[in-house]
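Open the model in your viewer and keep the selection panel at hand.

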Amino acid sequence: MANFIGRGREGSRGLTVGAMNFAGCFPFILDLWTSRNTVEQAVSMLFDPRTIVVMYCAAAVGYLIDWAVSGLVGNILVQQAKSRIAAIDEKQAAMVKRWGHEVTGEVALDEQGFPVEDDGPVGSRAKKS
């Protein structure tokens with residue numbers, strides 16, 4: 001079921017929930033294999049409420065792990081992006097300081113690519129009459 005719900009994230013949810021669901025089922029499978037190993041025993045295990053609760057709780061833990069890890073990774077990526085933007089802004093400010101406001105791309109250019117006016121950024125130029 002988790003594979004159908006979580007298609008967008010390349011099956012990470014299905015893998016996480018499936019692994020935890022298997023972990024919840026494994027003690028009962030092991031008990032079945034080491035005991036009578038009959039269909040009646042398997043059916044009686046399936047109708048035991050404790051078995052169902054453990055299996056579903058294990059799957060719920062898988063969903064909880066997926067939610068927590070996704071949120072953690074998302075926050076880490078956002079923080080990395082913010083620090084990268086800050087570094088780019090610092091480099092851009094250093095370039096403007098060294099080379100002038102022409103490197104910002106806010107200066108109007110003529111047909112040959114030369115600045116039309118050298119009075120500052122485009123927004124701060126006053127129209128000449």
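Start with the whole chain selected. In this predicted model, residues 24 or more positions apart account for 37% of the contacts with a separation of 6 or more. Colour by secondary structure next: there are four helices and zero strands, in the order α-α-α-α along the sequence. Switch to a surface display. The accessible surface comes to about 10200 Å², and carbon and sulfur atoms hold 65% of that area. Of the 129 residues, 16% count as buried.

**Stop 1: α2 against α4**

Select residues 12–34, helix α2, and residues 49–99, helix α4. Two packed helices are described by the angle between their axes and the distance between the axes. Here the axes come within 8 Å and cross at roughly 150 degrees. Because an angle over 145 degrees counts as roughly antiparallel, α2 and α4 fall in that class. Their crossing is right-handed.

Now show side chains at the contact. On the α2 side, the residues include Ser12, Arg13, Thr16, Val17 and Met20; further along α2, Asn21, Gly24, Cys25 and Phe28 also take part. Among their partners in α4 are Arg50, Thr51, Val54, Met55, Ala58 and Ala59, as well as Val61, Gly62, Tyr63, Ile65 and Asp66.

**Stop 2**

Is Gln41 buried or exposed? Gln41 has a relative accessibility of 13% and counts as buried, because the limit for that class is under 20%. Leaving aside neighbours within four places in sequence, Gln41 is in contact with Leu32, Ser35 and Arg36. Ala42, also in α3, has a relative accessibility of 23% and counts as partly exposed. Draw a C-alpha to C-alpha distance from Ala42 to Ile29: the two are 8.7 Å apart in space and 13 residues apart in sequence.

**Stop 3: the loop between α2 and α3**

Select Asn37, which lies in the loop between α2 and α3. The backbone is the thing to check here: phi of Asn37 is near 55 degrees, a positive value in a residue other than glycine. At 47% relative accessibility, Asn37 counts as partly exposed.

**Stop 4: the aromatic pair**

Return to α2 and select Phe22 and Phe26. The structure holds one aromatic pair. The ring centres of Phe22 and Phe26 are 5.6 Å apart and the planes stand at 50 degrees, so the pair is tilted. Both residues lie in α2, four residues apart, which is about one turn of the helix. Phe26 has a relative accessible area of 34% and is partly exposed.

Key: Residues numbered from 1 in each chain as written. Predicted model: local features only at pLDDT ≥ 70, side-chain atom pairs only at ≥ 80, totals over all residues. Heavy atoms only, no water. Helix = DSSP H or I, 4+ residues; strand = E, 2+ residues; numbered from the N terminus. Buried < 20%, exposed > 50% of the residue type's maximum accessible area, 1.4 Å probe, protein only. Contact = heavy atoms within 4.5 Å. Areas by Shrake-Rupley, 256 points an atom, 1.4 Å probe, with all protein chains shown as cover. Phe/Tyr/Trp six-rings, centres within 6.5 Å; stacked < 30°, edge-to-face > 60°. Axes fitted to C-alpha atoms, helices over the stretch in contact; angles between N-to-C directions. Parallel < 35°, antiparallel > 145°, perpendicular 65-115°, else oblique. Left-handed = near helix turned anticlockwise from the far one by under 90°.
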